[in-house]
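Colleague: Could you go through this one with me, starting from the pocket and then moving on to the metal?

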Amino acid sequence: MTRNEALTLLREHLTNENLVRHCLATEVIMAALAERLGKDIEKWRVAGLVHDLDFEETKDTPDQHGLKTVAVLEEKGLDPETLQAVRSHNEALGVPRESDFDHALACAETITGLIVATALVQPDKKLASVRPESVIKRMKKKDFARSVNRDAIRECEMLDIPLPDFAALSVQAMSGIAGELGL
Ligand SMILES: [Fe+2]
């Protein structure tokens, strides 16, 4: 599946623009991680884009989140690694994260929330004003963006990427599509 096919598929399933933006943000961080780690950029990009495809369909059944996406992707012939990464990103499913790909998707999709929340408390509410150090500083404040799972973000260390590097890489990747993200 190409990146554009993945985006078309995503838009067939999601109507909430903020969810689409979350997926676009995850996509660009996955691409940056793949580049840094020498992995398949297109494959990681696609996983980032589609990982929350069933979010609206499963909003009342969060223990199903990911399973419907996997069923859709399986029908489209996606590879088993992508299916596993999507499945394991929802901790409620109890599927352990094992590969670099799994950890990458978990930390990438999670840091997007922290970065968006950090942008929104800047005077101009712009990504351009977000410094990676302030993302990390806010990550350490429990009361800031409480729903963001700090442990999932720290999984970047399983990829041998230190947290400050991961924050910098993620802010930079998202800044490249700031307009599309509305930030
Ligand atoms: Fe997500």
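Colleague: Which helices each supply at least two residues of the lining of the largest pocket?
Modeller: They are helix 2, which covers residues 17-37, and helix 6, which runs over residues 100-120. Please keep in mind that this is a predicted model, where local features need pLDDT of at least 70 and side-chain atom pairs 80 or more, while totals for chains, interfaces and linings use all residues. Residues are numbered from 1 along each chain as its sequence is written, and side-chain values use heavy atoms, without hydrogens or water.

Colleague: What counts as a helix or a pocket here?
Modeller: A helix is a DSSP run of H or I with at least four residues, numbered from the N terminus. A pocket is an open set of points on a 1 Å grid over the protein atoms alone, where a 1.4 Å probe fits, with protein on both sides within 12 Å along at least five of seven lines, and lining residues have an atom within 4 Å of a point.

Colleague: And which helix gives the most to that lining?
Modeller: Helix 6 does, with six residues, out of a lining of 27 residues in which H22, E109, T110, T112 and G113 lie nearest the centre of the pocket.

Colleague: OK, on to the metal: what holds the iron ion?
Modeller: Its protein donors (N, O and S atoms within 2.8 Å of the metal) are H22 through NE2, H51 through NE2, D52 through OD and E109 through OE, at 1.8 to 2.2 Å. Along the chain these donors follow the spacing H-x28-H-D-x56-E. H51 sits in the loop between helix 3 (41-50) and helix 4 (67-75), whereas E109 belongs to helix 6, so this pair ties together parts that are 58 residues apart in sequence.

Colleague: Are H51 and E109 buried or exposed?
Modeller: H51 is buried (under 20% relative accessible area, with a 1.4 Å probe and protein chains only), its own value being 0%, and E109 counts as buried too, at 16%.

Colleague: What about H103?
Modeller: H103 is also found in helix 6 and is buried at 7%. Leaving aside neighbours within four places in sequence, H103 is in contact with R97, E98, E155, M158 and L159.

Technical notes: Buried means under 20% relative accessible area, exposed over 50%, partly exposed in between (1.4 Å probe, protein chains only). Contact means heavy atoms within 4.5 Å. Donors are N, O and S atoms within 2.8 Å of the metal (3.2 Å for Na, K and Ca); water is not among the atoms, so sites may look incomplete.
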